Amino acid sequence: MSDAVVTRFAPSPTGFLHIGGARTALFNWLYARRHGGKMLLRIEDTDRERSTEPAIAAILDGLSWLGLDWDGETVYQFARAARHREVAEQMLAAGKAYYCYATPQELEEMREKARAEGRPMRYDGRWRDRDPATAPAGVKPVIRLRAPQTGETVVEDEVQGRVVWQNENLDDLVLLRSDGNPTYMLAVVVDDHDMAVTHVIRGDDHLTNAARQTQIYQAMGWRVPSMSHIPLIHGADGAKLSKRHGALGVDAYRSMGYLPVALRNYLLRLGWSHGDQEIFSTQEMVSLFNLSSIGRSPARFDYAKLESLNGLYMRQANDRDLLDALKGILPEIGPAHGLGPELDPTLEAKLLAAMPGLKERAKTLIELLDSASYLFAKRPLALDQKAATLLDDGARQRMPDLAEKLAAVNDWAPAPLEAAVRSFAEEQALKLGQVAQPLRAALTGRSQSPGLFDVMAVLGREETLARLGDQT
């Protein structure tokens, strides 16, 4: 195409930015960036009763957190209602639309008849060629599209292939309601045209809408954008993704301790592939993304895969960046771990020092904070069941001698500390584990932790010896 590529993400703010919406936004963003084009953002807030300010804020926050920036100002569909009405009036004047005075009762009768005959409801076109002068008094008309009644409407979909509808099966849809409010179908087409959108990339639940919208484009003599309808995301059981599968808002994944870069990579692989490659840098995503590699069957959301990918990104992450990500969600998750919304400078320094050991074992930021709990646990430490078993009477009796040995270590660093503990085990004719495991329990309250000698180095001499003293 000679024109610059323009995509759009157009969520309706009736709830949070869900995972399917986030993937649609990602695909639009990648396609625009790949072709040096623009991705626009339009909030489809025409459903006034269900659209809310918190939902709009959640959508904008979710996109920003995922690193999906959009071009230009955010467009709000409701604010453009006058323009939508203007186009309906243009179509009316050109004979491409007409006033329909069918009463709610008449429409209900059509619905009943269709139900009795086991077919979908279709408006029967009764006002298509009638003179408005014969209209019943007191009925406010709607404006309907004068849709073609023969032939077919075709969408050459870049994901689904060629999709064909027989026009006899599509009725004259409403463009403007009797209260003068535009319908969703009309608003979408007018907005996409006015925003110069060249590529519509969205969920395949909009595929039928594509036929209707194509007819409106054609009635106005406008160019129909390229269409790509992506299969929806299903749960691991193959059923459509729902709340029971974890179809949560993007903000929930943030609170669950996932990194935006990992979630973005995971969403890319939900329905799109490039050979067997699983891990993509942002640069690779942009340079490789294409519409032809989007699969036609629904992708399955798999938490285990997301966790493992997140763990991989955490291990590769810069320690300071991980600490910043943790601080970002601390106001939400801190209280459950006995922390306030902010870290004090001493604890922050300890966390940063411990980060190399912490990130090796954790798959999420929540797990990371959990395994770091030894750093901010209150003394005397409460021992979990396994730790209490390890710290038996014999182990407790050895603690004062072990503490004395450790107190004599001049260079308080992992290697000298390990040497001291090994030497103590040999002197006591014990295996290293018989000394190290109770020592871990005394210092962390648990049977598992990051590397024991790293733990001691991060805690520091004074705190380590004090915790050993608590257990004797």
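This is a predicted model: local features need pLDDT of at least 70, side-chain atom pairs count only at pLDDT 80 or more; totals for chains, interfaces and linings use all residues.
## Aromatic rings

The structure contains 10 aromatic pairs. One of them joins Phe 301 and Tyr 303, whose ring centres are 5.3 Å apart; the planes meet at 80 degrees, so the arrangement is edge-to-face. Phe 301 is buried at 5% relative accessible area, whereas Tyr 303 is partly exposed at 27%. Both residues belong to a cluster linked by ring pairs, together with Tyr 253, Tyr 258 and Tyr 266.

## Charges over rings

Two arginine residues are placed over aromatic faces. Arg 130 lies over Trp 127, at 3.8 Å from the ring centre. The ring of Tyr 123 has the charged end of Arg 144 over it, 3.6 Å from its centre.

## The β4-β5-β8 sheet

Three strands form an open sheet in the order β4-β5-β8, and their pairing is antiparallel. The edges are held by β4 (97-100) and β8 (174-176); each has a single partner strand, so one side of each lacks a neighbour in the sheet. On average, and with direction ignored, neighbouring strands are turned by 45 degrees against each other.

Between β4 and β5 (residues 142-145) there are 4 bridges. Within this antiparallel pair, Ala 97 has Leu 145 of β5 as its bridge partner. Helix α3 (residues 81-93) packs on the sheet and touches β4, β5 and β8, its direction making about 100 degrees with that of β4.

## Salt bridges

The count of salt bridges is 33. In one of them, the closest N and O atoms of Arg 42 and Asp 192 are 2.8 Å apart. Arg 42 is in strand β2 (residues 38-43) and Asp 192 in helix α5 (residues 184-194), so this pair ties together parts that are 150 residues apart in sequence. Arg 42 is buried, with 0% relative accessibility, and Asp 192 is buried as well, with 2%.

Glu 117 forms a salt bridge with Lys 113, with 3.2 Å between the closest N and O atoms; Glu 117 is partly exposed, at 46% relative accessibility. In the salt bridge of Arg 128 with Asp 172, the closest N and O atoms are 2.9 Å apart. This pair links distant parts of the chain, 44 residues apart: Arg 128 is in the loop between α4 (104-116) and β5, and Asp 172 in the loop between β7 (161-166) and β8. Arg 128 is buried at 12% relative accessible area, and Asp 172 is buried at 5% relative accessibility.

Salt bridges with shared partners also build one network, which comprises Arg 8, Arg 42, Glu 44, Arg 80, Arg 83, Glu 86, Asp 191, Asp 192 and Asp 194.

Note on methods. Residues are numbered from 1 along each chain as its sequence is written. Side-chain values use heavy atoms; hydrogens and water are left out. Rings of Phe, Tyr and Trp (its six-membered ring) pair if their centres lie within 6.5 Å; planes under 30 degrees apart count as stacked, over 60 as edge-to-face and the rest as tilted. Buried means under 20% relative accessible area, exposed over 50%, partly exposed in between (1.4 Å probe, protein chains only). A charge sits over a ring if NZ of Lys or CZ of Arg is within 6 Å of the ring centre and within 35 degrees of the ring normal. Two strands pair if DSSP finds at least two bridges between them. Helices (H or I, at least four residues) and strands (E, at least two) are DSSP runs, numbered from the N terminus. Axes are lines fitted to C-alpha atoms, for helices over the stretch in contact, and angles run from 0 to 180 degrees between N-to-C directions. Contact means heavy atoms within 4.5 Å. A salt bridge is a side-chain nitrogen of Lys or Arg within 4 Å of a carboxyl oxygen of Asp or Glu.
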